[in-house]
Amino acid sequence: MAVSDGDILVRVVDLKKHFPVPGNLLLGRRPGAVKSVDGVTFDIRKGETLGLVGESGCGKSTTGRAILFLHKPTGGQVYFDGVDLTALDDEALRKLRPQMQMIFQDSYSSLNPRHSVGKIVAEPQLIHGTLTPDKAKDRAAELLEMVGLNPAFVKRFPHEFSGGQRQRINIARALALNPRFIVCDEPISALDVSIQAQIINLLRELQERLGLTYLFIAHDLSIVRYLSDRIAVMYLGRVMELADREELFNTPVHPYTQSLISAVPVPQPRIERGRKRILLHGEVPSPAKPPQGCVFNTRCPLAQRVCFEQVPEYREVRPGHFAACHLIDEQGGSKIPLSVSA
């Protein structure tokens with residue numbers, strides 16, 4: 001299905017974030033850079049959830065932070081509803097910030113322990129001057145109720161809450177300025193399984209109620225499959241594959257995606273016994289010294305000579321299905337089949 005530019009809320013084009021590493025002449029070290037994000041491209045449609053998955057250290061969180069300019073991008077463009085954020089000065093960017101918020105992974109360290117919950121939730125409105133202090137206090141109580149907490153909790157402090165309750169407070173704060181787009185940076189990874197389900201259902205309910213658009217960052221493919229409309233798979237700072245949720249799980253074309261999906265258990269013993277695991281050997285290379293050619297070539301079980309010499313083009317291999325692999329033919333199939341039953 002064709003998607004018009006008017007349906008796109010966030011567009012990321014060749015986004016890069018490199019962290020400089022200082023050299024040391026006495027030790028023979030040359031200045032370099034850690035390429036946490038190295039040429040990421042994708043769109044996020046209005047009202048959808050785009051899942052972003054990959055192993056720890058692949059650049060998922062840095063991508064989310066770079067989109068919101070919590071880390072200033074090294075290169076590339078980020079468009080928000082058609083506006084190029086990379087071309088804006090600080091004041092113009094500040095005016096757009098209420099529309100773009102973030103839910104952080106650590107529900108404790110992201111809350112100021114010296115402030116009451118009411119002050120934490122009301123603070124964004126006071127900083128941006130959208131409400132008076134009295135009205136901001138009332139709004140904070142309303143937001144706590146919206147996320148399933150007692151409005152009377154406004155006078156309590158973060159240490160008085162459980163991890164799941166603190167994450168609800170983080171969500172309430174993210175909603176304070178009525179955003180259109182929220183980056184959810186592994187918001188449930190530190191929570192118990194039963195609490196994870198509650199937070200996921202809360203996020204879905206809020207999305208339907210408020211028309212929110214999410215970038216949902218996680219490493220648990222089962223959760224991402226449940227929550228997301230489309231899924232992007234990252235490896236060592238680059239997107240390997242992006243497709244609709246069911247297509248990605250049923251017909252993955254990139255060897256890395258196939259390996260990840262093969263590790264997801266299926267709750268049907270007969271099917272699970274017949275599935276074949278695709279094991280990857282070796283360690284993820286350092287983002288300070290990524291491999292030449294395809295960044296996945298050191299662990300890919302199908303790597304060919306071209307994979308070590310040329311960077312694969314990130315292209316649309318099927319309608320709405322994108323991948324970066326030399327081994328994918330013009331019809332979107334692998335030149336060297338590596339089947340996975342999802």
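Q: Into how many nonpolar, polar and charged residues does the lining of the second largest pocket divide?
A: In this predicted model, the second largest pocket holds about 360 Å³ of space, and 15 residues line that pocket. By class, the lining divides into 10 nonpolar, two polar and three charged residues.

Q: Which element gives the most residues to the lining of the second largest pocket?
A: Met 100, Gln 101, Met 102, Phe 104 and Pro 124 are the lining residues that lie nearest the centre of the second largest pocket. The elements that give two or more residues to this lining are S6, H3 and H5. With four residues, the element that gives the most is H3.

Q: What distance separates the end C-alpha atoms of helix H5?
A: Helix H5 covers residues 163-175, which makes 13 residues. At 1.5 Å a residue, H5 should span 18 Å.

Q: Why is H5 described as largely enclosed, and which elements do its buried residues pack against?
A: H5 is largely enclosed by the rest of the structure because 11 of its 13 residues are buried, that is, under 20% relative accessible area. Among these buried residues are Gly 164, Arg 166, Ile 169, Ile 171 and Leu 175. The elements they pack against are strand S6 (100-103), helix H3 (117-127), helix H4 (133-146), strand S7 (181-185) and helix H6 (193-210).

Q: Which residues does Leu 175 touch, not counting residues up to four places away in sequence?
A: Leu 175 is one of the buried residues of H5. In the largest nonpolar core, which has 65 residues, Leu 175 is among those that touch the most other members, together with Leu 144, Ile 171 and Phe 216. The largest share of this core, six residues, comes from H4. Leaving out residues up to four places away in sequence, Leu 175 touches Arg 139, Leu 143, Met 146, Val 147, Ile 182, Leu 206, Leu 210 and Leu 212.

Q: How many residues does the second, separate core have?
A: Apart from the largest nonpolar core of 65 residues, there is a second, separate core. Phe 42, Phe 69, Leu 85 and Ile 217 are included in this second core, whose residues number 30.

Q: Which elements do the buried residues of helix H9 pack against?
A: Eight of the eight residues of H9 (residues 255-262) are buried, so this helix is largely enclosed by the rest of the structure. Pro 255, Tyr 256 and Leu 260 are among the buried residues. The packing partners of H9 are helix H7 (221-227), strand S9 (230-235), strand S10 (238-244) and helix H8 (245-250).

Technical notes
Residues are numbered from 1 along each chain as its sequence is written. This is a predicted model: local features need pLDDT of at least 70, side-chain atom pairs count only at pLDDT 80 or more; totals for chains, interfaces and linings use all residues. Side-chain values use heavy atoms; hydrogens and water are left out. Buried means under 20% relative accessible area, exposed over 50%, partly exposed in between (1.4 Å probe, protein chains only). Contact means heavy atoms within 4.5 Å. The expected span of a helix is 1.5 Å times one less than its number of residues. On a 1 Å grid over the protein atoms alone, a cavity is a set of points where a 1.4 Å probe fits but cannot get out, and a pocket is an open set with protein on both sides within 12 Å along at least five of seven lines; lining residues have an atom within 4 Å of a point. Grid points are joined across faces, edges and corners, and a volume is the space filled by probe spheres set on the points. Ala, Val, Leu, Ile, Met, Phe, Trp, Tyr, Cys and Pro count as nonpolar, Asp, Glu, Lys and Arg as charged, and the others, Gly among them, as polar. A nonpolar core is a set of buried Ala, Val, Leu, Ile, Met, Phe, Trp, Tyr and Cys residues joined through side-chain atoms within 4.5 Å.
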